[in-house]
Amino acid sequence: MNLVFNGFRHYHIFTCYKQAAVHKDIKILGAVEADEIARNHAEKTLGISVATSGMEDWLNNPEVDTVVIGGAFGTRGKACIEALEHGKHIFCDKPICTDLAELAEIRRLSREKNLMVGCLLDLRDIASATAAKELFESGEMGEIKNISFTGQHYIDYTNRPGWYFEEGMHGGTLNDIAIHGIDMLPFL
């Protein structure tokens with residue numbers, strides 16, 4: 001599978017890049033990030049070269065199978081739609097979009113074009129989640145009646161990029177943080 005990365009605006013995408021880079025069946029063809037700060041951070045953190053532009057060329061490149069999307073939350077829906085319109089599968093950091101109309105269009109395009117849509121929800125892979133799942137499945141605790149989850153995150157100007165606080169760019173904490181817990185419940 002040949003991937004191109006579109007955006008490095010949230011830390012989850014860095015884990016995805018690292019995992020893809022070592023997977024024997026995946027080839028990363030390129031990476032694009034228009035924002036200078038995010039691009040410099042990605043280049044420094046991952047030790048790669050990230051282009052400032054050229055996503056349209058990648059979308060038109062028949063070698064690209066899948067576009068991995070990690071831009072600012074409010075830009076992801078448009079990026080997903082564009083990739084699907086060009087016949088590319090998508091794998092997106094969560095949230096996939098912040099607008100229900102975009103979600104409907106992503107659903108329509110993926111079905112119409114028979115394309116896969118994947119969402120990066122990586123908490124299933126952490127050691128504590130795996131241990132909890134094994135414990136629950138062992139039966140040692142008896143029947144599980146209730147599961148609680150929390151997600152302590154700083155949502156302030158010191159710990160989050162400025163785009164988090166721009167109108168239409170974040171999508172709310174359910175879309176950003178609670179989705180991890182919602183995803184974990186069926187897993188556990």
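In strand β3 (residues 66–69), V67 is the bridge partner of V4. Four bridges join β1 to β3, and the two strands run parallel. Two strands count as paired if DSSP finds at least two bridges between them. Helices (H or I, at least four residues) and strands (E, at least two) are DSSP runs, numbered from the N terminus. The model is predicted: local features need pLDDT of at least 70, side-chain atom pairs count only at pLDDT 80 or more, and totals for chains, interfaces and linings use all residues. Residues are numbered from 1 along each chain as its sequence is written, and side-chain values use heavy atoms, with hydrogens and water left out.

Strand β1 also pairs with strand β2 (residues 27–32). Five bridges join these strands, which run parallel. Here N6 has V32 of β2 as its bridge partner. Together, β1, α1 and β2 make a right-handed β-α-β unit. A crossover is right-handed if, with the strands pointing away from the viewer, the path from the first strand over the helix to the second runs clockwise.

Strand β1 is mostly covered, with five of its five residues buried. Buried means under 20% relative accessible area, exposed means over 50%, and partly exposed lies in between (1.4 Å probe, protein chains only). In a regular strand, side chains alternate between the two faces of the sheet. From β1, N2, V4 and N6 point one way, while L3 and F5 point the other way.

A search of the whole structure finds four aromatic pairs. One of them joins F5 and Y17, with ring centres 4.8 Å apart and planes at 55°, a tilted arrangement. Because F5 lies in β1 (residues 2–6) and Y17 in helix α1 (residues 12–22), this pair ties together parts that are twelve residues apart in sequence. Rings of Phe, Tyr and Trp (its six-membered ring) pair if their centres lie within 6.5 Å; planes under 30 degrees apart count as stacked, over 60 as edge-to-face and the rest as tilted. Both F5 and Y17 are buried.

The largest nonpolar core has 19 residues. Such a core is a set of buried Ala, Val, Leu, Ile, Met, Phe, Trp, Tyr and Cys residues joined through side-chain atoms within 4.5 Å. The residues with the most contacts inside this core include M55, V67 and I106. At least two core residues come from each of α3 (55–59), β3, α4 (73–85), β4 (89–93) and α5 (100–113). Helix α4 supplies the largest share, five residues.

L120 in β5 stands opposite D93. The chain crosses from β4 through α5 to β5 in a right-handed β-α-β crossover.

Helix α6 (residues 127–138) has twelve residues. From first C-alpha to last, α6 reaches 16 Å, close to the 16 Å expected at 1.5 Å a residue. The expected span is 1.5 Å times one less than the number of residues. G139 follows α6 and has a positive phi, near 85°. K133 lies over the face of F187, 4.7 Å from the ring centre. A charge sits over a ring if NZ of Lys or CZ of Arg is within 6 Å of the ring centre and within 35 degrees of the ring normal.
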